[in-house]
Amino acid sequence: MSEALAAHLRWPVRRVRFWLILTTVFGGAGILMYFWLWAFVPLELADKNDPTVVSRRVPVAALLLIGASISGLVAMAYLRTGEGLATVAIVALIAGTGAAVAWNLTLDRHDPRRSARYGLGVRVASAVLPLLVGSVALSGRPNAINAVLGVTMVVLGVAVLVAPRVVTLWSELMEERAARVRQEQRSEIAAHLHDSVLQTLALIQNRAGPSSEVARIARAQERELRDWLFATGEPDAADLATQLREIAAAIELDYAVRIEVVTAGETANIANASLVAAAREAMLNAARHAGGDVSVYIEATPTATDVFVRDRGPGVDLDALPADRLGIRESIIGRMSRAGGSATVRPGAGGSGTQVHLRLEVPHD
């Protein structure tokens with residue numbers, strides 16, 4: 001507290017401590033001021049981005065445990081002499097060990113200065129102390145008071161050992177319950193939105209046509225809403241399907257096109273920059289020159305990965321393209337060839353549109 005007050009007043013720490021000691025003689029004003037500051041001055045965060053991480057220089061749990069140890073020694077001494085002060089010392093012991101364990105399980109839990117070994121030591125010592133006092137009480141003079149105190153101490157020691165596990169199980173149970181409630185609420189929201197908003201957005205797209213501005217906006221909103229409702233977690237950066245869907249969403253915002261990405265097989269571990277770049281160029285060409293509906297089909301097998309990009313445009317003749325048009329020759333065919341794969345551009349089914357086929361073999365170990 002003196003350091004915080006010194007930083008606020010821009011005084012040396014020694015001057016602040018001197019005035020606190022000096023004002024103590026005037027009716028204990030310095031002590032009252034110190035406790036008032038201790039209660040109301042905010043703590044300095046160890047991590048500015050995480051308010052739960054608070055570092056305390058003083059090991060409060062260890063100090064409480066030292067006080068409980070002194071009370072335990074006093075209790076054991078009076079239990080052997082049979083004087084009545086043993087009860088008072090035992091009450092102080094129970095309060096000290098309980099406070100030490102509670103402090104360790106709550107406030108020290110997120111303190112970077114307190115290691116797991118430190119917490120384990122506090123809890124073990126807090127359990128051993130009542131067990132020692134209880135054994136002394138049970139082995140002392142045979143009377144009802146010693147028997148009650150001894151049994152109480154033994155039960156308290158066992159409870160201290162079991163308490164951390166009980167707290168952990170209770171916390172996990174509450175987290176699981178909260179997660180289940182959130183999942184149920186999310187499912188209800190998803191069902192309601194699917195029956196209303198998503199169907200309305202799909203109807204708008206079908207009525208407006210894929211080339212209209214209205215359909216393009218509705219498609220983007222539908223994609224964002226579906227991603228929010230049905231996403232299970234953070235997307236994998238190495239997932240080919242996720243990368244192509246993100247590219248398709250970006251292209252749909254710039255061109256009057258609707259791109260549908262369909263996958264077959266496991267694409268989670270496919271991460272090839274050349275394949276992604278070539279597929280992106282093929283999707284861009286389809287959006288620029290064909291528009292309308294574009295389909296992207298990804299087929300992943302243990303031996304190879306195939307990507308098909310199909311549109312319903314006027315088609316393209318590679319032999320008729322000018323020599324300076326390098327978009328298909330270099331950005332698609334040349335890029336795949338340099339990556340060890342292949343790329344073919346041919347007319348679509350029935351001679352309409354264009355189909356770009358990208359193939360990349362899986363390297364053998």
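Predicted model: local features only at pLDDT ≥ 70, side-chain atom pairs only at ≥ 80, totals over all residues.
Figure 1. A search of the whole structure finds two aromatic pairs. In the pair formed by Phe18 and Trp19, the ring centres are 5.9 Å apart and the planes meet at 75°, so the arrangement is edge-to-face. Phe18 is likewise classed as partly exposed, because its relative accessibility is 49%. A further view shows Arg15, whose charged end sits over the ring of Trp11 at 5.4 Å from the ring centre.

**Figure 2. The protein as a whole.** The protein comprises 11 helices and five strands. Of its 365 residues, 33% are buried. When contacts between residues at least 6 apart in sequence are considered, 64% join residues at least 24 apart.

**Figure 3. The largest nonpolar core.** This core, the largest in the protein, has 31 residues, and those with the most contacts inside it are Leu244, Ile259, Met283, Val296, Val307 and Leu358. At least two core residues are supplied by each of helix H9 (240-254), strand E1 (257-264), helix H10 (273-289), strand E2 (292-300), E3, H11, strand E4 (342-347) and strand E5 (354-361). H10 gives the largest share, nine residues. Apart from residues up to four places away in sequence, Val307 touches Leu240, Leu244, Leu275, Ala279, Val296, Tyr297, Ile298, Val356, His357 and Leu358. A second, separate core has 15 residues, including Met76, Leu79, Leu93 and Leu129.

**Figure 4. Asn285 in helix H10.** Asn285 belongs to helix H10. With a relative accessibility of 16%, Asn285 falls under the 20% limit and so counts as buried. Once neighbours within four places in sequence are set aside, the contacts of Asn285 are with Ala290, Ile328 and Ile332.

Figure 5. Arg312 lies in the loop between strand E3 (304-311) and helix H11 (327-338). This arginine counts as exposed because its relative accessibility is 69%. Beyond its neighbours within four places in sequence, Arg312 is in contact with Asp293 and Gly353. The C-alpha atoms of Arg312 and Asp293 are 7.0 Å apart, although 19 residues separate the two in sequence.

**Figure 6. Helix H5 and its buried residues.** Helix H5 (residues 85-106) contains 22 residues, and its first and last C-alpha atoms are 32 Å apart, close to the 32 Å expected at 1.5 Å a residue. The buried residues of H5 are Ala86, Ala89, Ile90, Leu93, Gly96, Thr97, Ala100, Val101, Trp103, Asn104 and Leu105. In an α-helix there are 3.6 residues a turn, so residues three or four places apart point the same way. One of the buried residues listed for H5, Leu93, is also included in the second core.

**Figure 7. Ser126 within helix H6.** Ser126 is part of helix H6 (residues 116-139). Its relative accessibility is 0%, so Ser126 counts as buried. Residues up to four places away in sequence being left out, Ser126 touches Leu65, Thr97, Ala100, Val101 and Val160. Among these partners, Thr97, Ala100 and Val101 are listed with the buried residues of H5. The 24 residues of H6 should span 34 Å at 1.5 Å a residue, and its end C-alpha atoms are 35 Å apart, which agrees. The buried residues of H6 are Gly119, Val122, Ser126, Ala127, Leu129, Pro130, Val133, Gly134, Val136 and Ala137.

Figure 8. Leu131 is found in helix H6 and is partly exposed, because its relative accessible area is 31%. Neighbours within four places in sequence aside, Leu131 is in contact with Met153, Val154 and Gly157. The C-alpha atoms of Leu131 and Gly150 are separated by 8.3 Å, and the two residues are 19 apart along the chain. Ala62 is placed in helix H4 (residues 60-81) and counts as partly exposed because its relative accessibility is 21%. Between Ala62 and Val122 the C-alpha distance is 6.7 Å, while their separation in sequence is 60 residues. Val122 is itself one of the buried residues of H6.

How values were computed: Residues numbered from 1 in each chain as written. Heavy atoms only, no water. Helix = DSSP H or I, 4+ residues; strand = E, 2+ residues; numbered from the N terminus. Expected span 1.5 Å × (residues − 1). Buried < 20%, exposed > 50% of the residue type's maximum accessible area, 1.4 Å probe, protein only. Contact = heavy atoms within 4.5 Å. Phe/Tyr/Trp six-rings, centres within 6.5 Å; stacked < 30°, edge-to-face > 60°. Lys NZ or Arg CZ within 6 Å of the ring centre and 35° of its normal. Core = buried A, V, L, I, M, F, W, Y, C linked by side-chain atoms within 4.5 Å.
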